[in-house]
Amino acid sequence: MLYDELVSLINSKNKIYKELNDSIYSAKTDEEYKQASIRKKHYIHVYSQELYDFLWNRISELTAKDCLAFDLVPYIVWAQLSERYSIIIDTVRKFK
């Protein structure tokens, strides 16, 4: 099962996501806020793409139980991933 690997990957990504959130919260000027927000937006894309790549590369091993790990993904990241995730789930169903 990929669950443990997914949880580890998600936890490491969430740590960076939290740091980016904190940098937005800590911004002292409008420019700092803007730059921190841009970094976070970019990271959300990177995070969702890395999850997608991981899943796509391990699709033959993926089980429904493994997908419980996605409860740990922040909603905004999940929203970017969800459309691509549907493709993965449809493919898994064809294999099983």
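**View 1. Asp22 counts as partly exposed, at 35% relative accessibility.** Under 20% relative accessible area is buried, over 50% is exposed, and partly exposed lies in between (1.4 Å probe, protein chains only). The model is predicted: local features need pLDDT of at least 70, side-chain atom pairs count only at pLDDT 80 or more, and totals for chains, interfaces and linings use all residues. Residues are numbered from 1 along each chain as its sequence is written, and side-chain values use heavy atoms, with hydrogens and water left out. Asp22 belongs to helix α1. Its C-alpha is 9.2 Å from that of Ala36, at a sequence separation of 14 residues. Ala36 is itself one of the buried residues of α2.

**View 2. The chain is built from three helices and zero strands.** Both are DSSP runs, numbered from the N terminus: H or I over at least four residues for helices, E over at least two for strands. The order from the N terminus is α-α-α. Of 96 residues, 39% are buried. Contact means heavy atoms within 4.5 Å. Among contacts with a separation of 6 or more, 76% join residues 24 or more positions apart.

**View 3. Helices α1 (residues 3–26) and α2 (residues 30–57) cross at roughly 170 degrees.** Their axes come within 8 Å. Each axis is a line fitted to C-alpha atoms over the stretch in contact, and angles run from 0 to 180 degrees between N-to-C directions. The pair is therefore roughly antiparallel. That term applies over 145 degrees; under 35 is roughly parallel, 65 to 115 roughly perpendicular, and the rest oblique. The α1–α2 contact involves 15 nonpolar, five polar and six charged residues. Nonpolar covers Ala, Val, Leu, Ile, Met, Phe, Trp, Tyr, Cys and Pro; charged covers Asp, Glu, Lys and Arg; the others, Gly among them, are polar.

**View 4. Helix α1 spans 34 Å from first to last C-alpha.** It has 24 residues, and the span is close to the 34 Å expected at 1.5 Å a residue. Expected spans are 1.5 Å times one less than the number of residues. Its buried residues include Leu6, Leu9, Ile10, Tyr17 and Leu20. Helix α2, with 28 residues, reaches 40 Å, close to the expected 40 Å. Its buried residues include Tyr43, Ile44, Leu51, Tyr52 and Phe54.

**View 5. Tyr47 is buried, at 0% relative accessibility.** Tyr47 sits in helix α2. Beyond its neighbours within four places in sequence, it contacts Ile10, Lys13, Asn14, Val73, Pro74 and Val77. Trp78 is 31 residues from Tyr47 in sequence, with 9.4 Å between the C-alpha atoms.

**View 6. Lys13 is a buried residue of helix α1, with a relative accessible area of 12%.** Neighbours within four places in sequence aside, Lys13 contacts Tyr43, Tyr47 and Glu50.

**View 7. Gln80 is partly exposed, at 36% relative accessibility.** It lies in helix α3 (residues 75–95). Leaving aside neighbours within four places in sequence, Gln80 touches Ile44, His45 and Ser48. The C-alpha atoms of Gln80 and Ser48 are 6.2 Å apart, although 32 residues separate the two along the chain. Ser48 and Ile44 are among the buried residues of α2.
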